[in-house]
Amino acid sequence: CFEELHGALGDCSCNVDTIDYFNNVKIFPRIQSVVGKDYFRFYKVNLKKECPFWVDDSRCAMKYCHIKTCSKESVPGIENGYGNDDDEEFPALKYSENAQTTPCGSDTDHDPALGYLNMTLSAASQYEIAKWKAYDDSIGNFCECDDKDADAEYVDLSLNPERYTGYKGPSAHRIWRSIYQENCFRVKTNPYESFPYVLSSDLSNMCLEKRVFYRAVSGLHSSINIHLCSKYLLSEKKIGFAAPPEGEWGPNLEEFQRRFDPSKTFGEGSNWLKNLYFVYLLEMRALAKAGPYLEREDYFTGNPVEDEETRDAIRNMLGVIYTFPDHFNESSMFTVGNQAIKLKQEFREHFWNISRIMDCVGCDKCKLWGKLQTQGLGTALKILFSGQWDSFEGDSDQGRLMLKHKSHKRLQRTEIVALFNAFARLSNSIRELENFRNMLSTHTEAP
Ligand code: FAD
C-alpha cells in the first residue's frame, strides 16, 4: 500500500510526502504535548444516548470495550467552576447533577464482568429525531454537543486509549455502511451493495463538495482502523493468581496489510490512506483559520502554571501550522450558483446525521473515540463553512474587533477538546504509517 502512497493527494495542491515530513517532524511532537495537558485530557460525553435509527442490538462482549469515567471532583478546574460569569459553558458544568463517585485514577479495566455492557434496548425515538431536525440553523453546528445532557460523564482520555477492542461483525459493518450509503449523499455504491461501500473510481464523477465529504469520512475510518492495528491485542498475560489476564498491545503488520494492501482491498487501500491525509489537511486548515481565537482562549484548569504551559504549547503548535505552505482551500467550495446554499445545508445535515449514528456504536470505547472524532471533525467543518470565522483570520480589523468585544460565537470547551484531540489522532495515524512502513521494509529485507 505504500508504493502507491506518494505524490499528489487530489482536491488540494498538497502531496503526501510533504505532509509526512511536516507532520512527523513538526506537528506530531507538538500536538502530543498539547493533548497531554489536563485541559484536553477530560472529555464530557453522553455514551448512554439511545440509538435513534434502529433497535440497538449490539453488545461488545470484550472487556476492552469498557471505558472508565471520572468523578466531577477529579477534573481540574471543573469542581471550582470557571469563575467567569460571562462564560456560558462552565456554570453548566458546575451545577451538573451527574456527580460520579469513581475517582479518575481507579483502574477497573481488568474486571471481566465489565465487558458485558448494560446497554438498554430501545426503539428508534421519533422525538429525538424531531429534536435533531429542529436544531437552530443559525448556530451552524455540524454535530450535536451532548455534554450538557444529564447522562453526560467525564472521561479521562489517557485512561481509555483508542486501540483494538474486538468490536467487529454485523454491528460495526452496519455503522460504516449507514455512514457511507445513507449519508454520503447516496453516492453510487458497488453494485453488489457489499464491500467496499464506495468505489474510488466513482468519485471523479462527483462534485467537489460531495467528494470532500466522502474523503473526510473515509479518512476518519482509516484513522480508526490504523489505531486498532497499531495498538492490537497481541497477547494476554496472567499477572497474578486471582487477577484476570492483562493485555499486551502493539503493532500488527499483518492486520494492517489485510486492511490497506490494495491487493486485498479491491485496489482501494492506498486511496483510503490518502483520505487520511486529506482529512488531516482539512482539520489543520480549521486550526489555522481559528488560530487567532484559539491562541487567546484561557484553557482554564485552576492551575496557573499548567494553564500557561497549555497556552504556550498551543501558540507554539499554531505558529508551526501557520507556516504550512499548502493549506486546504475551503473557499473553492459551495460557490456554484443557487445550488451552493442548498448543498451546504445538505452537507451539514448529512454530517449531523453521522454524529447521531455514533450513538448506535455497540462498544463503549469505540463510541467514545468515534464521538470525539466526529465532534472534532464537525467543529473543523463549522470553522471552515459556517461563515462565522471567515473574517476572523490574520490580523484583519474585523477579526481584532470581534476578539476585543467577544462578539463572535465562541467554541464550547467540549468542541475545543474534541477538535485538538481529533487532530492529534490523525497526526498519530500518519506517524503510525511511518512505523508500519519501517516494519514492512525490515520484514521484506529479512532472509
Ligand atoms: P471495517 O473497518 O468494518 O470496514 C467495512 C468495509 O468498509 C471494508 O470491508 C471496506 O470495504 C470498507 N472500508 C474500510 N476502510 C475504509 C476506508 N478507510 N474508507 C472507505 N471504505 C473503507 N474497533 C476497534 O478495535 N477499536 C476501536 O476503537 C474501534 N472504533 C470504532 C469506531 C466506530 C465509529 C466504528 C463504526 C467501528 C469501530 N471499530 C473499532 C471497529 C472497526 O472499525 C472495524 O469495523 C472492525 O475492526 C471490523 O473491520 P473489517 O475488516 O470488517 O472492516
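How far is an oxygen atom of the ligand from an N or O atom in the side chain of H173? The distance is 2.6 Å. The model is predicted, with pLDDT of at least 70 needed for local features and 80 or more for side-chain atom pairs, while totals for chains, interfaces and linings use all residues. Residues are numbered from 1 along each chain as its sequence is written, and side-chain values use heavy atoms, without hydrogens and water.

| Ligand atom | Side chain | Distance |
|---|---|---|
| oxygen | H173 | 2.6 Å |
| oxygen | W176 | 3.2 Å |
| nitrogen | S222 | 2.8 Å |

Taken alone, the ligand exposes 940 Å², and the protein buries 93% of that (Shrake-Rupley accessible areas, 1.4 Å probe).

The shell around the ligand holds 28 residues, the closest being R163, T165, H173, S218 and N225 (a heavy atom within 4 Å). By class, 16 are nonpolar, 7 polar and 5 charged. Helix 6 provides the largest share of this shell, 7 residues (helices are DSSP runs, H or I, of at least four residues).

The ligand takes the space of the largest pocket (more than half of its atoms lie within 2 Å of the grid points). This pocket has a volume of about 990 Å³. Closest to its centre, among 38 lining residues, are H173, W176, H221, N225 and R259 (a pocket is an open set of points on a 1 Å grid where a 1.4 Å probe fits, with protein on both sides within 12 Å along at least five of seven lines; lining residues have an atom within 4 Å of a point). The lining divides into 20 nonpolar, 11 polar and 7 charged residues.

Key:
Points joined across faces, edges and corners; volume = space filled by probe spheres on them. Nonpolar A, V, L, I, M, F, W, Y, C, P; charged D, E, K, R; others polar. Polar contact = N/O pair within 3.5 Å; in protein donor to acceptor, adjacent residues only side chain to side chain. Helix = DSSP H or I, 4+ residues; strand = E, 2+ residues; numbered from the N terminus.
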